[in-house]
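Open the model in your viewer and keep the sequence panel beside it. This tour moves from one selection to the next and says what is there.

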Amino acid sequence: MNQYEQQAYQEMLNWERNILKKKSPFQQLSKNVQNKINSYVPEKAHEIVTEAIKHMVKTTLVGSDFTTKKNQTVGMNLEEKEKIVQQKLESYRKTATIEGAGTGAGGIFLGLADFPLLLSIKMKFLFEVASIYGFDTKKYDERLFLLHVFQLAFSNDDKRRETFYFIKHWAEEKTRLTDMDWREFQQEYRDYIDLIKLFQMIPGLGAIVGAYANYNLLDQLGETAKNAYRTRIYDSNEEKLIIP
């Protein structure tokens, strides 16, 4: 490996250790509170939200694949690819920040519109990242991987560790995965962003919170996506690695 690849490999290992470390008592308490709140929501409501988000995500997947440029980094090394990933992150982060400020400034009604808009931005970004790293998003298993990356970025610690296992062992695990657990997918995502998005709906404060939240959510997704695809690349070439 060259110097950049060695640095990227070490960053990936640090990222993996951070995912696997034991969560704090505060995080456990927060998740317990969220679970308690969710238990009071009628089952029919859960079903409606699950189907709505499932449809929303699948529609976004189709549109994102159609507009994503394919084979754009053929022949590039990892450093060259990741420079483009960083450029894409900065572009999508800027878009998400502007969108968050705009919907946040509008109070409750525009704040509600932020959810599908931000979801679309995140999914489109993930398609771009997958393509840059050289993975074909027309393949069903690559779309499943992409959704697992999304879930890894926006889940509680227990679910993150479980999802990381699938990503770490994707070559073996993808053969037994037929679809996402959409109920869990939407619940984890909503639990992850609910509190900060609640503050985004406050008139006067919403624009600042929305811009800040969306900026950081895209950063979180960018770090997760980059290291998830690094994991696949390095693991698939493990026998070639010479780590000092």
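**Stop 1**

Select Glu184 and Lys159: they form a salt bridge, with the closest N and O atoms 2.6 Å apart. Glu184 lies in helix α9 and Lys159 in helix α7, so the pair ties together parts that are 25 residues apart in sequence. A salt bridge here is a side-chain nitrogen of Lys or Arg within 4 Å of a carboxyl oxygen of Asp or Glu. Helices (H or I, at least four residues) are DSSP runs, numbered from the N terminus.

Now colour by accessibility. Lys159 is buried, with a relative accessible area of 7%. Glu184 counts as partly exposed at 27%. The cut-offs: buried means under 20% relative accessible area, exposed over 50%, and partly exposed in between (1.4 Å probe, protein chains only).

A word on what you are viewing: this is a predicted model, in which local features need pLDDT of at least 70, side-chain atom pairs count only at pLDDT 80 or more, and totals for chains, interfaces and linings use all residues. Residues are numbered from 1 along each chain as its sequence is written, and side-chain values use heavy atoms, with hydrogens and water left out.

**Stop 2: the whole chain**

Zoom out and show the cartoon. The chain has 10 helices and zero strands. Of its 244 residues, 45% count as buried. Contact means heavy atoms within 4.5 Å. Among contacts with a separation of 6 or more, 82% join residues 24 or more positions apart.

**Stop 3: more salt bridges**

How many salt bridges does the structure hold? There are 13. Asp158 is partly exposed, at 40% relative accessible area. Arg161 is partly exposed too, at 22%.

Next, select Arg93 and Asp219. Their side chains meet in a salt bridge of 2.6 Å, N to O. This pair links distant parts of the chain: Arg93 is in helix α4, Asp219 is in helix α10, and 126 residues separate them. Arg93 counts as buried at 13% relative accessibility. Asp219 is partly exposed at 28%.

**Stop 4**

Select Glu82, in helix α4. Is Glu82 buried or exposed? Buried, with a relative accessible area of 5%. Glu82 is linked with Glu11 and Arg230 in a network of salt bridges. Leaving out residues up to four places away in sequence, Glu82 touches Tyr4, Ala8, Tyr133, Lys226 and Arg230.

**Stop 5: helix α1**

Select residues 3-20, helix α1. The expected span of a helix is 1.5 Å times one less than its number of residues. For the 18 residues of α1 that gives 26 Å, and the end C-alpha atoms are 26 Å apart, which agrees. Which residues of α1 are buried? They are Ala8, Tyr9, Met12, Trp15, Glu16 and Ile19. They cover an arc of only 120° around the axis, so they sit on the same side of α1. That arc is taken from the directions from the helix axis to the C-beta atoms.

**Stop 6: helix α6**

Move to α6, which is mostly covered: 12 of its 14 residues are buried. Among them are Leu144, Leu147, His148 and Phe150. The 14 residues of α6 should span 20 Å, and the end C-alpha atoms are 20 Å apart, which agrees.

**Stop 7: the nonpolar core**

A nonpolar core is a set of buried Ala, Val, Leu, Ile, Met, Phe, Trp, Tyr and Cys residues joined through side-chain atoms within 4.5 Å. The largest one has 52 residues, and those with the most contacts inside it are Val57, Met123, Leu147, Phe150, Phe185 and Tyr229. Helices that each supply at least two residues of this core include α1, α3 (43-67), α6 (140-153) and α10 (206-236). The largest share, 10 residues, comes from α5.

Finish on Val57. Not counting residues up to four places away in sequence, Val57 touches Leu119, Met123, Leu147, Trp182 and Phe185.
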